[in-house]
Amino acid sequence: MALDEPRAVAAEAAAACRLTGIALSRGGRRVLDGLDLTVGAAERVALIGPNGAGKTSLLNAVVGLAPITAGRVEALGRDLSAAGARAAVRGETGYVFQRHALVKRRTVLSNVLHGFLHRPGAWRAWSAMLAPEAWRAEAMEALAEVGLADRAADRADRLSGGQAQRVAIARALVRRPRLVIADEPTASLDPAAGREVMSLFSRIVAKRGVALLFTTHDMADALAYADRVVALKGGRIVLDRRAAEVMPGELEAVFDG
Ligand SMILES: Nc1ncnc2c1ncn2[C@@H]1O[C@H](COP(=O)(O)OP(=O)(O)O)[C@@H](O)[C@H]1O
Ligand SMILES: [Mg+2]
C-alpha cells in the first residue's frame, strides 16, 4: 500500500498505541504495574531498562500476546479487548527479534516473502516460485530498501549477521505495517554491525512514517535512533523523555541502585 493512501493519513492523527494503567503478572509476580504509555503514529520509541524490567512483556501486551490483568490497551485505533482486534492489529504490525530466525536453506527472497504468511492464500509465500508477482515485487522493493536486492537469490545462510538482520527488517516491512516492534534487534550483533542495522532500520521507519517501538541494551543506540526514550524498572516507567533532551548519565542511572 502506498504511503499517500487514506489509511496512512488516518494513522497520522491517531496514536500507534495507547496503554492506560496496564498491569500484567507472570508466574504470580507483578511484571507491569499500572503503566501508561502512548506512542505516536510516526514516533520511534526506545525502551530501556535492566533485565527483568518488563520490556518484552510490554511489547507483548501492545499486540495482545500477554494478557493484562488491569488497564486498557489500544493499538492502531482498536481496543484489544474487542473481538477480532488482536488479529487485526497483528496483521498491521511488523516484528523484528534478536534472533532473526531466517530459514537458512531458503533464499533471501523467500525469507522476505515469509512476511506475507498471515494473508489468505499465504501458503504461496512459502516458495518464491509460487508467490504472486505482486508479492515478489514488494519483497524485492523491501530488499532494495535494506540494500540487499543483489542478494535475493542467495541462500540465507550465506549472509553475515548484520545482513541477516537487514533481511529480517525487510520481512517485517514487506506487508507495510503501521507499527513495528523490535525486541533487542541488535543484541546478537557486534557493536559496529548493530549500529549499522539500527541506523538503517530507524531511517526506513522514519521515511515510511510508521511507529517503531524497540528495546535495546545500548544507551547510545537508544539516543541515536529513537525520537523518545522510555526507561522501565520493576514494571514501572521511571523516565520518559525526548531523546534530544536526555541529560548525560541519565539513562545509565536507570541501571544503578
Ligand atoms: N513466561 C514467563 N513466566 C514466568 N515469568 C516470566 C515469564 N516471562 C517473563 N517473566 C518474568 O517477568 C519479568 C519481566 O520479564 P521481561 O518482560 O522479559 O523483562 P525484560 O524484557 O525487561 O528483560 C521477569 O522477572 C521475568 O522473569
Ligand atoms: Mg526482554
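**Close-up 1. Leu76, a buried residue with a positive phi.** Leu76 is buried, with 26 other C-beta atoms within 10 Å; here a residue counts as buried if 20 or more other C-beta atoms lie within 10 Å of its own, as exposed if 12 or fewer do, and as partly exposed in between, with C-beta atoms placed from the backbone. Although Leu76 is not a glycine, it has a positive phi of about 50°. You will find Leu76 in the loop between strand S4 (70-75) and strand S5 (78-79); helices (H or I, at least four residues) and strands (E, at least two) are DSSP runs, numbered from the N terminus. Please keep in mind that this is a predicted model, in which local features need pLDDT of at least 70 and side-chain atom pairs count only at pLDDT 80 or more, while totals for chains, interfaces and linings use all residues. As for labels, residues are numbered from 1 along each chain as its sequence is written, and chains are lettered from A and ligands numbered from 1 in the order in which they are written.

**Close-up 2. Arg176, a partly exposed residue with a positive phi.** Arg176 is not a glycine either, yet its phi is positive, at about 55°. Its loop runs between helix H6 (161-173) and strand S7 (179-183). Arg176 has 18 other C-beta atoms within 10 Å, which makes it partly exposed.

**Close-up 3. The shell around ligand 1.** Among the residues surrounding ligand 1 are Arg26, Gly27, Val31, Gly49 and Asn51; a residue is taken as near a molecule if its C-beta atom, placed from the backbone, lies within 6 Å of it. By type, the shell holds 2 nonpolar, 7 polar and 2 charged residues. In this count Ala, Val, Leu, Ile, Met, Phe, Trp, Tyr, Cys and Pro are nonpolar, Asp, Glu, Lys and Arg are charged, and the others, Gly among them, are polar. Helix H2 (residues 55-62) gives the most to this shell, with 3 residues.

**Close-up 4. Helix H2, mostly covered.** Of the 8 residues in H2, 6 are buried, including Lys55, Ser57 and Leu58. Just after H2, Gly64 takes a positive phi of about 75°.

**Close-up 5. Strand S9 with its partners S3 and S10.** Strand S3 (residues 44-48) runs parallel to strand S9 (residues 228-233), joined by 4 bridges; two strands pair if DSSP finds at least two bridges between them. Ile48 has Ala231 of S9 as its bridge partner. S9 is also joined by 6 bridges to strand S10 (residues 236-242), and these two run antiparallel. Val229 is bridged to Arg241 in S10. S9 and S10 form a hairpin with 2 residues between them, and Gly234 in the turn has a positive phi of about 55°.
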